[in-house]
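Subject: Structure for your files

Hello,

The structure we spoke about is below.

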Amino acid sequence: MDPAMKRVLIVSDDAIGSRMAGPAIRDWEYAQALSRCCRVILAVPNESDLDPSGFDLRHYDADSLQAMVAQSDVVVTSGYVLKRFPLLTMLPVPLVLSIPIRLC
């Protein structure tokens, strides 16, 4: 993988595994899509039974999340994660919020 590729950290607030709900599926799909052009870490709050191809899947807690953020060029997450980890609101890197929008 090209070392010049952007390092993207996706922080999920939902369990990623063989059985996933909507937010987890969305984060998994983001990781797959972004891994085509970026080095991606999908950080999850649980130990997962999945073995992804093309990106890293890592369990996080407050300490490990801070370390992962420090090694990232951009962070993608949801408002739920920001509420639990307010340190993410003070990042020296771009923060992208993934917010579901109801159109109807």
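The count of salt bridges comes to 2, taking a salt bridge as a side-chain nitrogen of Lys or Arg within 4 Å of a carboxyl oxygen of Asp or Glu. This is a predicted model, in which local features need pLDDT of at least 70 and side-chain atom pairs count only at pLDDT 80 or more, while totals for chains, interfaces and linings use all residues. Residues are numbered from 1 along each chain as its sequence is written, and side-chain values use heavy atoms, with hydrogens and water left out.

Arg 7 sits in strand β1 and Asp 73 in the loop between α2 (62-70) and β4 (74-77), so the pair ties together parts 66 residues apart in sequence. (Helices, H or I with at least four residues, and strands, E with at least two, are DSSP runs numbered from the N terminus.) Arg 7 is partly exposed at 29% relative accessible area, and Asp 73 is partly exposed at 24%; partly exposed lies between buried, under 20%, and exposed, over 50%, with a 1.4 Å probe and protein chains only.

Asp 56 and Arg 58 form a salt bridge through their side chains at 3.3 Å, N to O. Asp 56 is partly exposed at 38%, as is Arg 58 at 34%.

Regards
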